[in-house]
Amino acid sequence: MIFLPELIVVACAVGVLAADLWIDERRRVILAPMAALGLAAAMVALIVAVPQNGSTLGGRFAVDPVGWWFKVFFLLSGLITILLSLDLLDGRVGVRMRGIGFRGEYYTVLLATILGMMVLVSARDLITLYVSLELATLPLFVLAAWRRDNAQSGEAGMKYVIFGAMASACMLYGLGLLYGLTGSTALSAIDHQLRDIPAFWLAAAMLTAGIGFKLTIVPFHFWAADVYQGAPAPVTAYLSVASKGAGLAFAFQILYRMLDGWVAQAAAGVAVFAAVTMTLGNTVAIVQNNIKRFMAFSAISQAGYLIMGFVGGLAEGVPAMLFYLLVYAVTNLAVFACIVWFSNQTGKEQIEDYRGLSRTNPLIALAMMLGLFSLAGIPPLSGFVGKFFLFSIASKAGYHWLVAVAAVNSTISLYYYLRIVRQMYIEPADEGATRLPITPTLAVTLVVLSAALVLMGIIPSLYETISAQTLTWLPR
Amino acid sequence: MGLVSWLIAIPFLTTLAILAVPAGRWRWIRWIAVTGCGIHLVLTVVVTWLFWQQASADVAAMKTALLTKLYLVEQVEWFRSLGIEYFVGIDGISMVMVILTSVIIFTGVLASWYVETRTKEFFVLLLTLVTGVFGVFVSFDLFLFFMFYELAVLPMYLLIGIWGTGPKEYSAMKLTLMLLFGSAFILVGFLALYHASGMHSFNLLKLAQANFSGEFQRWVFPMIFVGFGVLGALYPLHTWSPDGHSSAPTAVSMLHAGVLMKLGGYGALRIAVYLLPEGAKDWGLFFMALTTVNILYGSFGAIMQRDLKYFTAYSSVSHCGFVLFGVAALNLMALKGAVLQMFSHGIMTGLFFGLIGMVYGRTHTRNIDEMGGIARRMPWLAVMFYIAGLASLGLPGLSGFIAESHVFLGGFFGNSWTNITVMRVLTILATMSIVVTAVYVLRGLAKVFFGPIRNSHFEHLDDAKLPERISTGVLAVVLVVAGVAPWLLINMIEGALMPIFNRLNGSIAMTGF
């Protein structure tokens, strides 16, 4: 059963929604474990029952090693997001956030986006691809606006809808043009029939805008900062990780499956996008004061690093990107676990609110510092290793200037990540500040994520496995 | 796990041990730290002995060798698909640097005996930093090297930011960013080397067998050299150094000026010159000119300083200039001098910064003009200060003389591919700094220690306590030993430098200088 994991996610989403109808508010605490268990079961099914290669539904739904790893990533980030959300939704917090609730709907919507992303990587024709992308994106608009009576959250949802609709329209136009040019909706058939004509370049530009929107590539990043800031913290975490992964998966589908012959020619363009994205993300992040907004620009710059793997369309880029995506997921979610915890306990989201955290909660401050250093690419953490592999791709493609830009950008990024470290470690705590409590779920999640972000850089087996399975994935 | 891995593992395990102790027990923590460093010192002696057992037989063979020969090698595949290995070993240069680091950290921990705020975090960060330093000196895989290199730089931010003095946050940020800016260029260079070699390996010895084209060497060499040069305080990228050193707490200044700045010279020699000899020949004169500025600028800058730490920091810029000057001069004598200077300056400046910390802890001022006559109250510290000062101005019998005379002789002899007149002029200019050094060292120390006691508060000060006496005594003894019996070091270094030198001269074996 190739699509067993997807079926489990659907069943789980429906199950959560149905259960939500039948039980009373007090018992709704079981919804989060239900959703989490569902994703865990899907993960088991993915590992046990899904082969590395196979297709069904007349070749329109297929699995290959790259798709398989993307699904691992989506399930993993979904699962962790649920673990990060449940304290907030169940009200186990120090400062109650108004207008948050509706647990049944929340988890159902979350599961629906995960389902969309999983189908997205398995789609093999334009229609499925587009529909699954919409399934992955539309529920996110709802999630961003989840705090009903909060103006910022509403604004976030609204902006996201408008920009998202715009991006979807561009993308649909691009896909339509491609269909018109080739007369086929099968991705693999399109590849062979494209010719170098203006209509093709128009389609390519439209698709670039669409991909750029999902991946927050400059200049298509405008929505990110406001949406990240307005959305509830766990949703921001999900947006910055899973949604970005979906963007990458979509880029894989378009660039490698459909426009494979053209990727190498676009190397200079990709390099410029990467350089501009990381530079803008990093420089703007320096002046942010709200931690979620700050993380939005940090995530934009990370997207810049991520697409370095496309430069030159090299085979080594595929495992490098997949590995970095997993590293980024673990690292960013570790940082967000701290942010979610802090906002749950204090209701505060400014960077200077973190002052003295190393005196009151030394272990959480340590975890947060590790996460930030990993994002900045400091060895021996996994962020360093992942970036090193990506930089190596650009170097191999001959783009030494891009390596220099990226490496200098890492230094800039360290400057603003150190701002938070400074608040936590160098600034004294407020008078009378006491230790803040942490719930067991969040504590365990944080420990696991921190351990993972250290070990993934030291133990080579994860990268070696990905590399062995996907290095020969590109047909060339 | 072999002995070389233990050189890296002991500071790391000490860190873990300290992490396990509750923060309130700060007396235990410093004992754990000093025990760990003591064990490391013993291990270093053992490794040196084993190394010399094997290496002494090979020195003659190395005269014609083009490849570095390593001892006590450990090699394990790591990221196999990218050709990254855990590859550590020891050769003469790294042995000398390991001895230096081991001595400095041991004395540095003793000099930090009275750090009582956030002791646990202090020692954790200090030992993490040292783990990185040891890693750099024994790694022969570029990936591993780079990993340890950055690990050694980063803890500095918190060490200066939390325990520093003066404009500490500014200095910490400036230092961290400038050093990582340098390492960005090193990274570009390393990746270019990896891909250009076509060997699918980061192994330094394998890369040394690759044929890099002249054009390639011409642009990669300055990238890597400047990248390391930032840490080696290459003019005009040295500006982090005075601020950083003067804001840092005692042990951190010791380690940073004593050891970390040497990573710059070490990397420039070991990687830039060794792998890219043609590039080195093209750029040698340019970097000699820059480092001459370094040497003169640093020493003149030191004259003007009123703060003891700035004073020493500028003198460090000048002395680290000698290291890079020797590396850029590219003959055997000068290269030998560069390595000797790394060792000599490391010990000397470690002693200087250690002493400044001890004096400051008593007088609560570092301003030279406010002090005076304190030799009467603290004779031990005064004597030690003078030993360091005399080594710094190159008095024969102390290590500085040996190192600097090698560098100058090497620079004066010149080499076959550079305009010898220009090299000699630069060398003569650089030599003049010795006079300037004598001026500022003797004047500065006389002001601080002799004359009438200016401040009645100084009448009640006491001399060095036992941990401080051990710390400074050990360093002074090393300075004297290295000055009186320099062949102990030169023998070790020579065998390791021959391959680098031979590569510069094609395959022609050269003897003499």
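A residue counts as buried if 20 or more other C-beta atoms lie within 10 Å of its own. By that rule, 59% of the 476 residues of chain A are buried. Keep in mind that this is a predicted model.

Start with chain A as a whole. Its C-alpha trace spans about 70 × 55 × 40 Å along the principal axes. A compact globule of 476 residues would have a radius of gyration near 23 Å, and the 21 Å of chain A agrees with that. Chain A has 20 helices and two strands. Now look at contacts in chain A between residues at least 6 apart in sequence: 80% of them join residues at least 24 apart.

Next, pick out two helices of chain A. H3(A) covers residues 65-90, and H10(A) covers residues 233-258. Their axes lie 9 Å apart, at an angle of about 170 degrees. Angles over 145 degrees count as roughly antiparallel, so H3(A) and H10(A) are roughly antiparallel to each other. Which residues meet there? From H3(A) they include Phe70(A), Phe73(A), Phe74(A) and Gly78(A). From H10(A) they include Tyr238(A), Val241(A), Gly245(A) and Phe252(A). By class, this contact has 13 nonpolar residues, five polar ones and no charged ones.

Now move to chain B. Strands E1(B), residues 71-79, and E2(B) run antiparallel, joined by six bridges. One pairing links Glu77(B) to its bridge partner Glu85(B) in E2(B). The two strands form a hairpin with four residues between them. In this hairpin, Gly83(B) takes a positive phi near 70 degrees. Is strand E2(B), residues 84-90, mostly covered or mostly open? E2(B) is mostly covered, with six of its seven residues buried.

Technical notes: Residues numbered from 1 in each chain as written. Chains lettered and ligands numbered in written order. Predicted model: local features only at pLDDT ≥ 70, side-chain atom pairs only at ≥ 80, totals over all residues. Axes fitted to C-alpha atoms, helices over the stretch in contact; angles between N-to-C directions. Parallel < 35°, antiparallel > 145°, perpendicular 65-115°, else oblique. Contact = placed C-beta atoms within 7 Å. Nonpolar A, V, L, I, M, F, W, Y, C, P; charged D, E, K, R; others polar. Buried ≥ 20, exposed ≤ 12 C-beta atoms within 10 Å, placed from the backbone. Pairing = 2+ DSSP bridges. Rg over C-alpha atoms; globule rule 2.2 N^0.38 Å.
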